[in-house]
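Please read them with the coordinates open.

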Amino acid sequence: MSTDSRTAAKTADAPPAARPDVPARVGAPLTVLMWCGGMLLLLASVAVAVTIGPARISVPDVWSTVAAHLGFGASDLSPIRDGIIWNLRMPRTLLAAVCGAGLAVCGTVMQSLLRNPLADPFVLGVSSGASTGAVVVVVLGVGGGAVSLSAGAFVGALLSFALVLLLSHTLGGSTDRVVLSGVAAMQLFSALTSFVVMTSADAEQTRGVLFWLLGSLSGVGWSEVALCSAVLAVCLVVCLAHARTLDAFAFGQDAAAALGVNVARTRIVLLCTTALLTAALVSAAGAIGFVGLVLPHAARALTGSGHRRLLPVTALAGAIFLVWVDTLARTVLDPQEVPVGVVTALIGVPAFVLVLYRTRSTS
């Protein structure tokens, strides 16, 4: 076979979004404009979302309170209204943005790294491990009250990921082995969670645990926002530093290795990064599905497959999406709250079917 024929064959086997003959969907000026517009839309979404609720609050009230707490002037709001904005709604809304951005980034990285369009942050069993850790702390009382639900969830997520790494390394370390190991760990920890709840939890504990397992941002504070924001910032920097490497992975591991990529090292670094970020987010907000599965496909349709453009746009899209999903979850059945994971699933399933249909139509 000639050199041109081999090149054509490799290009035909590559995913459409990763083929070298497919130009980038947006140029640099339009990309910058998209990022700036996304940031403005995110700030506006946060400001408006904080005003929505039983207490009547305006956007100027929000800006006044935020400015006052940051040391820029004083707010004339009552202590109650100031507390509603600063201590209740603002940290919850900001954590929703952080979780949405983090889960979307994890999904983007994993879909490229594993070359699987169905990969999402929970494919490594991290969510199931976090659920087990949280249940062990809440139901069994491990730690005697010294260990919080979030800490238990974080430890459980890391243990689950360690098990996945061990299994995948033992089985050969290939991409499909990583996915299969994640599925095995997910089933194992899901079974452990169900066993603990069925044998040791009372009705009230079961209700609280199940609500948390479906994703909940209620009761979060500034400490969770600070921790998750710091982890997101570090992990996003790591992922952006590997943007060109992720582009190479779109052609497969062999092609990436031929381009000089240390495949094993890169896979471990990025899998550990996404697992750490997912563990932090799940420990604070519970299991919120479909954000990391759907948002990367939507962002990729706007920006193309170049990860230097794709990762920031995906993060902004995920943040804006989850801010409004959480707002809907806490207000649609007021005073009762709907788990955030339920709303993301109701929105995510039709959206994902649409993505699959459009992909099929253009393939």
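**Notes on the model**

1. Start with an aromatic residue. Trp222 has a relative accessible area of 29%, so it is partly exposed. This is a predicted model, and the values here are computed from it.

2. What does Trp222 pair with? Its partner is Trp86, in an aromatic pair. The structure holds one aromatic pair. Trp86 sits in helix 4 and Trp222 in helix 9 (residues 222–241), so the pair ties together parts 136 residues apart in sequence. Trp86 counts as buried because its relative accessibility is 16%, under the 20% cut-off.

3. Now the overall architecture. The protein chain has 15 helices and zero strands. Of its 363 residues, 48% are buried. Take the contacts between residues at least 6 apart in sequence: 75% of them join residues at least 24 apart.

4. Salt bridges come next. How many does a search of the whole structure find? The search finds three. One of them joins the side chains of Asp61 and Arg81, at 3.8 Å from N to O. Asp61 belongs to helix 3 and Arg81 to helix 4, and the two are 20 residues apart. Asp61 has 17% relative accessibility, so it counts as buried. Arg81, at 29%, counts as partly exposed.

5. With Asp326 it forms a salt bridge whose closest N and O atoms are 2.8 Å apart. Arg92 is in helix 4 and Asp326 in helix 14 (residues 307–331), so this pair ties together parts 234 residues apart in sequence. Both Arg92 and Asp326 are buried. For Arg92 the relative accessibility is 9%, so the buried label applies.

6. Arg92 also forms a salt bridge with Glu337, with closest N and O atoms 2.9 Å apart. Glu337 lies in the loop between helix 14 and helix 15 (340–362), while Arg92 is in helix 4; they are 245 residues apart.

7. Compare another arginine of helix 4. Arg89 is found in helix 4 (residues 79–113). Is Arg89 with or without a salt bridge? Arg89 has none, yet it is buried. The nearest side chain of opposite charge is Asp334, 8.1 Å away.

8. What lies around Arg89? A polar atom of the Arg89 side chain is 3.5 Å from the backbone oxygen of Ala55. Beyond its neighbours within four places in sequence, Arg89 is in contact with residues including Val50, Thr51, Ile52, Gly53, Pro54 and Ala55. Ile57, Ile84 and Arg330 are also among these contacts.

9. Last, helix 3. Which residues of helix 3 (residues 59–69) are buried? They are Asp61, Val62, Thr65 and Val66. Seen down the helix axis, these buried residues fall within an arc of 125°, so they line one face of helix 3. Asp61 is also the residue in the salt bridge with Arg81. Just after helix 3, Gly71 takes a positive phi of about 90°.

Definitions and conventions:
Residues numbered from 1 in each chain as written. Predicted model: local features only at pLDDT ≥ 70, side-chain atom pairs only at ≥ 80, totals over all residues. Heavy atoms only, no water. Buried < 20%, exposed > 50% of the residue type's maximum accessible area, 1.4 Å probe, protein only. Helix = DSSP H or I, 4+ residues; strand = E, 2+ residues; numbered from the N terminus. Arc of directions from axis to C-beta. Lys, Arg positive; Asp, Glu negative; His and termini not counted. Salt bridge = Lys/Arg side-chain N within 4 Å of Asp/Glu carboxyl O. Polar contact = N/O pair within 3.5 Å; in protein donor to acceptor, adjacent residues only side chain to side chain. Contact = heavy atoms within 4.5 Å. Phe/Tyr/Trp six-rings, centres within 6.5 Å; stacked < 30°, edge-to-face > 60°.
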